[in-house]
Amino acid sequence: MASKENIRGAAAGLFFAGVILAGINYLQPTSSDSEQNSETRVNANDITTEEASSFLEEKGFSTIPTEEYELLTEQRDDLTEEINSLTSQLEELEQSQVNEEENNPEETSTEASDSEVIYNSVLSISSGMTTQEISEQLVSLNIIDDAEEFSNAIFDRQLEQRLQIGEFTLDSQMSINEIVEKITSS
């Protein structure tokens, strides 16, 4: 009779052989899988350009001929160069303007003041007009920007009773203090 150790050794050998065969069985494709793979594997020579294009379009891709692609690539490169050139020209122009403004600050401020519109108007103050009415008239004539600031200047100096009746020629370059002095002095 065989000893226990011999039987245990034979059992262990059969167990390991079973494990190896099971692993091979799971890792190898089945015959139906290999048939499917052979159907999907097609020789590149068997596919037409139209079939390939339609397949790619179905998958969301676009196709263009190589010549058109090369032309578009060249155009892109040319446009990139043009953008870079124009960008550097713009930077040079901006830098030259900054340098010019730094070298000639008086000219730039003169140009800015030349573009400012100066309003000349005649302010007519009649008997019984309030300070508020006068300040609103000055705003409507574009002589001042803020009616409240003008009214406050009159009230702060307590000049309400010293407002003169008459016509006064004023312009938008005058300060509020100059306007107050002109319409309160005789």
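Visitor: At roughly what angle do the axes of helix α6 and helix α7 cross?
Guide: This is a predicted model, and in it α6 covers residues 131–140 while α7 covers residues 147–156. Their axes come within 8 Å of each other. The crossing angle is roughly 140 degrees.

Visitor: Is α6 oblique or roughly antiparallel to α7?
Guide: An angle has to be over 145 degrees to count as roughly antiparallel. The axes of α6 and α7 cross at roughly 140 degrees. Therefore the relation of α6 to α7 is oblique.

Visitor: Which residues of α7 make the contact with α6?
Guide: On the side of α6, the contact involves Thr131, Gln132, Ile134, Ser135, Glu136, Leu138 and Val139. α6 passes α7 in a right-handed crossing. The residues contributed by α7 are Ala147, Phe150, Ser151, Ile154 and Phe155.

Visitor: How are α7 and helix α8 placed, oblique or roughly parallel?
Guide: Helix α8, residues 176–184, packs with α7 at an angle of about 55 degrees, and the axes are 10 Å apart. Angles under 35 degrees count as roughly parallel, and those from 65 to 115 as roughly perpendicular.

Visitor: Which residues of α8 meet α7?
Guide: The crossing of these two helices, α7 and α8, is right-handed. From α7, the residues involved are Glu149, Phe150, Ala153 and Ile154. Their partners in α8 are Ile176, Ile179, Val180 and Ile183.

Visitor: What kind of aromatic pair do Phe15 and Phe16 form?
Guide: The count of aromatic pairs comes to one. The ring centres of Phe15 and Phe16 are 5.7 Å apart, with 65 degrees between the planes. Planes over 60 degrees apart count as edge-to-face, so the pair of Phe15 and Phe16 is edge-to-face.

Visitor: Is Phe16 buried or exposed?
Guide: A residue counts as exposed when its relative accessible area is over 50%. Phe15 has 55% and is therefore exposed. Phe16 has 54% relative accessibility, so Phe16 too is exposed.

Visitor: How many helices and how many strands does the protein chain have?
Guide: From the N terminus on, the elements run α-α-α-α-α-β-α-α-β-α. The totals are eight helices and two strands.

Terms used: Residues are numbered from 1 along each chain as its sequence is written. This is a predicted model: local features need pLDDT of at least 70, side-chain atom pairs count only at pLDDT 80 or more; totals for chains, interfaces and linings use all residues. Side-chain values use heavy atoms; hydrogens and water are left out. Rings of Phe, Tyr and Trp (its six-membered ring) pair if their centres lie within 6.5 Å; planes under 30 degrees apart count as stacked, over 60 as edge-to-face and the rest as tilted. Buried means under 20% relative accessible area, exposed over 50%, partly exposed in between (1.4 Å probe, protein chains only). Axes are lines fitted to C-alpha atoms, for helices over the stretch in contact, and angles run from 0 to 180 degrees between N-to-C directions. Helices (H or I, at least four residues) and strands (E, at least two) are DSSP runs, numbered from the N terminus. A crossing is left-handed if the near helix is turned anticlockwise from the far one by less than a right angle, and right-handed if clockwise. Contact means heavy atoms within 4.5 Å.
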